[in-house]
There are 2 protein chains.
Amino acid sequence: MLENVKTTPLSAYGEFGLIELLTKNIQIKNKSTVLGVGDDAAIINTEGRHQVIAKDMLIEGVHFDISYCPLKHLGYKAIAVNLSDVAAMNAHPEQVLVGIAASSRYTVEAIEELYKGIYLCCNRYGVDLVGGDTCSSVSGLQISVTVIGYAEPQQIVRRNTAKTNDLICVSGDLGAAYLGLLILEREKKVFMQNPKNQPELEGFDYLIERQLKPEPRLDIIDNLRKKNILPNSMIDISDGLASEILHICKNSKKGCAIFEDKLPIDTLAYNTAMDFKLIPSTVALNGGEDYELLFTIDQKHYDAIRQVEDVSIIGYITDENEGCNFISNDKKSIPLNAQGWDAYLKKTTTK
Amino acid sequence: MLENVKTTPLSAYGEFGLIELLTKNIQIKNKSTVLGVGDDAAIINTEGRHQVIAKDMLIEGVHFDISYCPLKHLGYKAIAVNLSDVAAMNAHPEQVLVGIAASSRYTVEAIEELYKGIYLCCNRYGVDLVGGDTCSSVSGLQISVTVIGYAEPQQIVRRNTAKTNDLICVSGDLGAAYLGLLILEREKKVFMQNPKNQPELEGFDYLIERQLKPEPRLDIIDNLRKKNILPNSMIDISDGLASEILHICKNSKKGCAIFEDKLPIDTLAYNTAMDFKLIPSTVALNGGEDYELLFTIDQKHYDAIRQVEDVSIIGYITDENEGCNFISNDKKSIPLNAQGWDAYLKKTTTK
């Protein structure tokens, strides 16, 4: 190894800082490349249908813990989170490629179980598994998925095109997946201390399912299309609402106001957050892994969006100089910041 | 973990057996999917240009050893081996997506060095990096690359379409990359025993470069096109000539005759193999990681192919019932079998 060279830990940059550092000098060379790094997916002009292409890795010990994540669920989730990236571009997925690196600790039967979940999700959403790679790893399991989706060029929705006065909408409810993780980690700790204790998961089904088996919200983009609502901007919530709305605002050069009393929080999630002595709205803002869609629409769609099931209006887009603000129940305006799940941050804090 | 269930080690199947097991029941659902699992790349009909899409993972400790593989070379190789898959379909690459999972042992500067190699290879071959994923891993470095290439539908060459009496051709020379690996591992061992010993790499430059910095043979597919030669079948040599010609024969339901005296072996590789007490033709057959193109052409192209630089005719395709045979210098016919590099085999033998 070289001596006397500058060494900066990865944690000093975090995931987004590192991506920015590594990709800032890219110059696009091919006319087929419509959009490169910087959104939920790249956009490709094939001279036929437009494609969106995204890639996500799931790493054992970082993104999942095999001691409480059944392999079939893990396979399902690995596909689902990638399909969610396609949904976030307002496109429909048709192909996936799956790469698996597994240590000798994994048996053929274990990998078959993983693939059962992969195929379950593929079949549910009409997606073809068309290729990939299967190899060994020195330790643990690494999963890498690439997804290809399709849309008419004018239907593709980016994250950098929010307009001032847009309504900010979110599908489903927020924070439950994170609380599911807290429950699973709590019960794992109890089990590690005394393996005779049975984990107490009863009654938390919804939270645990949100953590272990998220669904891509392709139903939402279909329902928006039926109502002729084309969002001005869209992103999926993997790192938490706060982190994602900040992406939209930063990339669109806008501000926003998000209202605490408008955040969709499931009752069980609310009560469980309170049991953990957490503020439910903080969990909804920063929990992450909801895989819901966050999008902004023109105000003219107000009546139409109210007829779309499972969508909440949680705020509006402002000019950039007004900043990104969270309006609490007692009408205080608090600057939003992203405390969301960060791949490097998590690594640093859990080791 | 479940008890009383059958457990089969991954090594019992090997890479190809496992892929077959996991993908045998796939039913294609989308008309955009022209070809799924089973070739160097999947084929997509975009209703515009046809695409080929491939994905390869490189795992620290399995595919590379960071103690003698400079990170810039590793980045270059990670792209090159994927571009090679596109070349093997007779297509041209235009986009890559790169996923990196790195442990905290890696610094920002190390990852930047890796990306320097990634961009060097992308720029050399006119490819855009359009997306990917950067996250942390518990241990080591995992790289996952997806590549997208383009070709006219009638230009795409598969591995299952060899014809009886086709000439079998190979680009470049064989076995050097494997010998480069042997040199690097020998010098590593010397260094581990006594860190004061300097590694003796001088004079082995060509072998080491073949191991550390392979080039995709896009020049060959361009030169074949100039001579109006469209191969009947093609594959790239990642696991060794024997393994790859067996893929072509098995998928095409053909046999073959490969001649020992026709194998292209570099002089330095020949001499180095002898020094290691290895039979040079065995190294050429089974070494792997050459990333040369192996293809079959109709005999009518005989005169034309002799004018294409850096291509050797090494045998011909036979009917299936004649089997796959290696004709040694003393005219003995030996059934070919694949002792090539296998991800699981290697893992089992090196641990």
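In which helix of chain A is A:Leu71 found? The reply opens the first point below.

1. A:Leu71 lies in helix H2 of chain A, residues 71–87; helices are DSSP runs of H or I with at least four residues, strands are runs of E with at least two, and both are numbered from the N terminus. The model is predicted, so local features need pLDDT of at least 70 and side-chain atom pairs count only at pLDDT 80 or more, while totals for chains, interfaces and linings use all residues. Residues are numbered from 1 along each chain as its sequence is written, and chains are lettered from A and ligands numbered from 1 in the order in which they are written.

2. A:Leu71 counts as buried because it has 21 C-beta neighbours inside 10 Å. The term buried requires 20 or more other C-beta atoms within 10 Å of a residue's own, exposed means 12 or fewer, and partly exposed covers the values in between, with C-beta atoms placed from the backbone. Apart from neighbours within four places in sequence, the contacts of A:Leu71 are A:Ala110, A:Glu113, A:Leu114 and A:Gly117; a contact is defined by C-beta atoms, placed from the backbone, that lie within 7 Å. The C-alpha atom of A:Leu71 is separated by 16 Å from that of A:Val145, and these two residues are 74 residues apart along the chain.

3. The relation between the two chains deserves a separate remark. Chain B can be laid on chain A by a turn of 180° and a shift of 0.0 Å along the axis, with an RMSD of 0.0 Å; the superposition is by least squares on the C-alpha atoms of residues with pLDDT of at least 70 in both copies. This is the relation of a two-fold axis. In chain B, B:Gly48 has the C-alpha nearest the axis, 1.8 Å from it.

4. At the interface, 72 residues of chain B are in contact with 72 residues of chain A. Among the elements of chain B that each supply at least two residues to this side are helix H1 (14–23), strand E4 (92–102), helix H3 (108–124) and strand E5 (128–136). E5(B) gives the largest share, 9 residues. By class, the side of chain B that touches chain A has 32 nonpolar, 26 polar and 14 charged residues. Here Ala, Val, Leu, Ile, Met, Phe, Trp, Tyr, Cys and Pro count as nonpolar, Asp, Glu, Lys and Arg as charged, and the others, Gly among them, as polar. Of the interface residues of chain B, 100% are also interface residues in chain A, so the copies meet through the same surface.

5. A:Leu97 has contacts in both chains. Its place is in strand E4 of chain A, residues 92–102, and A:Leu97 is buried, with 27 other C-beta atoms within 10 Å. Not counting residues up to four places away in sequence, A:Leu97 touches A:Val130, A:Gly131, A:Gly132 and A:Thr146, together with B:Ala42, B:Ile53, B:Lys55 and B:Thr146. The C-alpha atoms of A:Leu97 and A:Asp128 are separated by 8.6 Å, and the two residues are 31 residues apart along the chain.

6. The largest nonpolar core has 216 residues, and those with the most contacts inside it are A:Ile245 and B:Ile245. Such a core is a set of buried Ala, Val, Leu, Ile, Met, Phe, Trp, Tyr and Cys residues joined through C-beta atoms within 7 Å. Leaving out residues up to four places away in sequence, B:Ile245 touches B:Ile168, B:Cys256, B:Ile258, B:Leu294, B:Cys324 and B:Leu336.

7. The axes of H4 (residues 176–193) and H5 (residues 205–212) of chain A come within 7 Å and cross at roughly 100°; axes are lines fitted to C-alpha atoms, for helices over the stretch in contact, and angles run from 0 to 180 degrees between N-to-C directions. That makes H4(A) roughly perpendicular to H5(A), a term for angles of 65 to 115 degrees, whereas under 35 is roughly parallel, over 145 roughly antiparallel and the rest oblique. The residues of this contact divide into 9 nonpolar, 2 polar and 1 charged.

8. Two loop residues have positive phi values without being glycine. For A:Glu289, phi is near 65°; A:Glu289 is in the loop between helix H9 (280–286) and strand E10 (293–297) of chain A, and counts as buried with 23 C-beta neighbours inside 10 Å. B:Asp310 has a phi of about 65° and is partly exposed, with 14 other C-beta atoms within 10 Å.

Terms used
Contact = placed C-beta atoms within 7 Å.
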